[in-house]
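Visitor: Hi, could you walk me through this one? I'd like to start with the ligand and then look at the backbone.

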Amino acid sequence: MEATVKNSSSNGEWTVVLPSKGRKGRKGRRRKPKPNDQEEEEKPWRSDDLEVNPQRQARLKQKMEISMKKIESSKFYTAFLEQLKSPEVSNQFRLVLGSETQLQMVMYGIGSIESYESPRYQLSIAILMKREFDWVGNNIEVFDPVLSVTESSVLESLGCNVLSVNEQARREALKPTLFFMPHCEANLYSNLLQANWRMDCLSKIALFGNSFQMYEEQVSLAPEVIRATKRIIAARRITSEFPIETVSEDYFAAFHDSSWHFFSSAIDSELPLLVSEEF
Ligand SMILES: C[S@@+](CC[C@H](N)C(=O)[O-])C[C@H]1O[C@@H](n2cnc3c(N)ncnc32)[C@H](O)[C@@H]1O
């Protein structure tokens, strides 16, 4: 079982909760060795909701257009862009890019864009970002096990490539990569860090997701919570974090306690110590 830090939408408080168990019963590839976790195989994935319904697709496309228009004309988006263009943050992206011209965007945990507004706002901001900045690669790779066939087809029509393998967020950043992981469970950030726990990988990552600082401030002593968050907390020492300003109540649910994260200024030989020293 993995811990997640979630926000209760009514009062904005962070609580650590335990998510339900993942999907079972699919035939998987041979798993990569990973201690203590039977639930986290990387495996081929097929949606549970296979209905192909043109009306559903059209309605969802319309909802996405409304969401993107609303965000684009919002003060929230103006602030979001200002932050990205600020010297501090744009310099971090420049460092991640290195000698490359584009960042590959990988989106994990977007949630159901058909059922909820927050995932639509989150997807909107990612697509608008791709349109705004030529250093964001065109082809956004997306994975969330809850996506329906309808949602996948609309994502594809918006220029995304829906992955057919559940990577468990263990993608190695062999090239500059923007991981867009809005309000994911702690174990996914932890998996991502673990898979990239070398400076040549970490330095190629820009991560949008739950604030690592919040994880450090809110973590409890429950063993499963410590297990899910220890690498996040260890990474804090090499993380530059830039919080997202939600600006108005409209965008609170989708973007509260979210930050940009960049990793630097450690040498490889220090990285394992970051984990073992503290826990
Ligand atoms: C707390 S929800 C956040 C949903 C949405 N981003 C939001 O803010 O409302 C976490 C999401 O992560 C997804 N998720 C769980 N395991 C995942 C995996 N291995 N790869 C990608 N997404 C995953 C869940 O299905 C869920 O939609």
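Predicted model: local features only at pLDDT ≥ 70, side-chain atom pairs only at ≥ 80, totals over all residues.

Visitor: Great. Which residues come nearest to the ligand?

Guide: There are 15 residues around the ligand, and those that come nearest are Gly-109, Gln-122, Asp-144, Asn-166 and Pro-182.

Visitor: What does the side chain of Asp-144 sit across from in the ligand?

Guide: An oxygen atom of the ligand, 2.7 Å from an N or O atom in the Asp-144 side chain. Gln-122 has a side-chain N or O atom 2.8 Å from a ligand nitrogen, and for Asn-166 the distance from such a side-chain atom to a ligand nitrogen is 2.9 Å.

Visitor: And how much of the ligand does the protein bury?

Guide: The protein buries 82% of the 590 Å² that the ligand exposes when taken alone.

Visitor: What classes of residue make up the shell?

Guide: Seven are nonpolar, six are polar and two are charged.

Visitor: Switching to the backbone: which residue has a phi of about 65°?

Guide: That's Val-247, which has this positive phi although it is not a glycine. Val-247 lies in the loop between β10 (239-243) and α10 (252-255).

Visitor: Where is Asp-257 found?

Guide: In the loop between α10 and β11 (258-263). Asp-257 is not a glycine either, and its phi is positive, near 55°.

Visitor: Is Asp-257 buried or exposed?

Guide: Buried, because its relative accessible area is 18% and the cut-off is under 20%. Val-247, at 42% relative accessibility, counts as partly exposed.

Notes. Residues numbered from 1 in each chain as written. Heavy atoms only, no water. Near = heavy atom within 4 Å. Polar contact = N/O pair within 3.5 Å; in protein donor to acceptor, adjacent residues only side chain to side chain. Areas by Shrake-Rupley, 256 points an atom, 1.4 Å probe, with all protein chains shown as cover. Nonpolar A, V, L, I, M, F, W, Y, C, P; charged D, E, K, R; others polar. Helix = DSSP H or I, 4+ residues; strand = E, 2+ residues; numbered from the N terminus. Buried < 20%, exposed > 50% of the residue type's maximum accessible area, 1.4 Å probe, protein only.
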